[in-house]
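Have the model open beside you while you read.

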Amino acid sequence: MADRRHTHPDPGALTEEQAGRMLADMNGVIRAGEEMRKLRAEVIRIFAGLGWTQDRIARLADMSQPAVSKQIARNAAGDPPAPFDLSLDQQDIPWLEGRLWGLAEEISETFTDTARCTRHVIAIARGRRHFTPQGVDELRRLVEADLRLHRAALPRGYRDAYDAISRGLDLPSGATGPASAATRRALACQIQRIHLRDGFAG
């Protein structure tokens, strides 16, 4: 059987390794506050809606199966959740902002001492920066400066990702997909990082 860990994910899909990394990142900051806890719950329901079993989600999220079942049951009484697309190429503002955030985080972690976007990324993580139009414009400028500064060391996929994000932010679709803006932003951030780490700009 082919090893899918290093292949390009199918549209709307993640490998177990990629989903595990995403949930592990959330677990790492779950103590930061209720917002991240709610986000993880929403991600769990999204994965369940995509057909993932509760046992599989529990293993990847490092949770008990009853805890996962409880999270899913909270949403079961209402209307079924709308299908959620996990493919990177979506054009609503929260998704594009999340992609920009993920790109900035990857640059910041790669060039800890010299990345110009690092202070902004830290401020977002601590809740001191928000995704206002002005804040997004500033982050775009910082990321573009970093791409120029570190051009020789960065794979081409970083520039390609930034160009796609910028085109989308300049001409957004205006139609936001399912889930809250915060959830879409956080998911796009993680999925963008996964694509960059695995060698795909998206």
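## A loop residue, ring pairs and a charged network

Aspartate 62 is exposed, with a relative accessible area of 69%. In these terms, exposed means over 50% relative accessible area, buried under 20%, and partly exposed in between, using a 1.4 Å probe and protein chains only. This is a predicted model, in which local features need pLDDT of at least 70 and side-chain atom pairs count only at pLDDT 80 or more, while totals for chains, interfaces and linings use all residues. Residues are numbered from 1 along each chain as its sequence is written, and side-chain values use heavy atoms, with hydrogens and water left out.

Aspartate 62 sits in the loop between α3 (54–61) and α4 (65–76). Its phi is positive, at about 55 degrees, although it is not a glycine. For background, most residues other than glycine have a negative phi.

**The chain as a whole.** The protein chain has 9 helices and 0 strands. Helices here are DSSP runs of H or I with at least four residues, strands are runs of E with at least two, and both are numbered from the N terminus. Of the 202 residues in the protein chain, 45% are buried. Taking contacts between residues at least 6 apart in sequence, 69% join residues at least 24 apart; a contact means heavy atoms within 4.5 Å.

**Aromatic rings.** How many aromatic pairs does the structure hold? There are 2. Rings of Phe, Tyr and Trp (its six-membered ring) pair if their centres lie within 6.5 Å; planes under 30 degrees apart count as stacked, over 60 as edge-to-face and the rest as tilted. Phenylalanine 47 and tryptophan 52 are a stacked pair, because their ring centres are 5.0 Å apart and their planes are at 15 degrees. Phenylalanine 47 is buried, with a relative accessible area of 1%, and tryptophan 52 is buried too, at 11%. The rings of tryptophan 101 and phenylalanine 131 have centres 5.5 Å apart and planes at 55 degrees, so this pair is tilted. Tryptophan 101 lies in helix α5 (residues 93–110) and phenylalanine 131 in the loop between α6 (118–125) and α7 (133–149), so the pair ties together parts that are 30 residues apart in sequence.

Tryptophan 52 has a charged neighbour as well: arginine 56 lies over its face, at 3.8 Å from the ring centre. A charge sits over a ring if NZ of Lys or CZ of Arg is within 6 Å of the ring centre and within 35 degrees of the ring normal.

**Salt bridges.** Side chains of opposite charge can pair when their charged atoms come close. A salt bridge is a side-chain nitrogen of Lys or Arg within 4 Å of a carboxyl oxygen of Asp or Glu, and the count comes to 12.

| Partner of arginine 193 | N to O distance | Partner's relative accessible area |
|---|---|---|
| Glutamate 105 | 2.7 Å | 13%, buried |
| Glutamate 106 | 2.6 Å | 7%, buried |
| Glutamate 109 | 2.8 Å | 53%, exposed |

Glutamate 105 lies in helix α5 and arginine 193 in helix α9 (residues 181–197), so their pair ties together parts that are 88 residues apart in sequence. Glu105, Glu106, Glu109, Arg193 and Arg197 are linked in a network of salt bridges.
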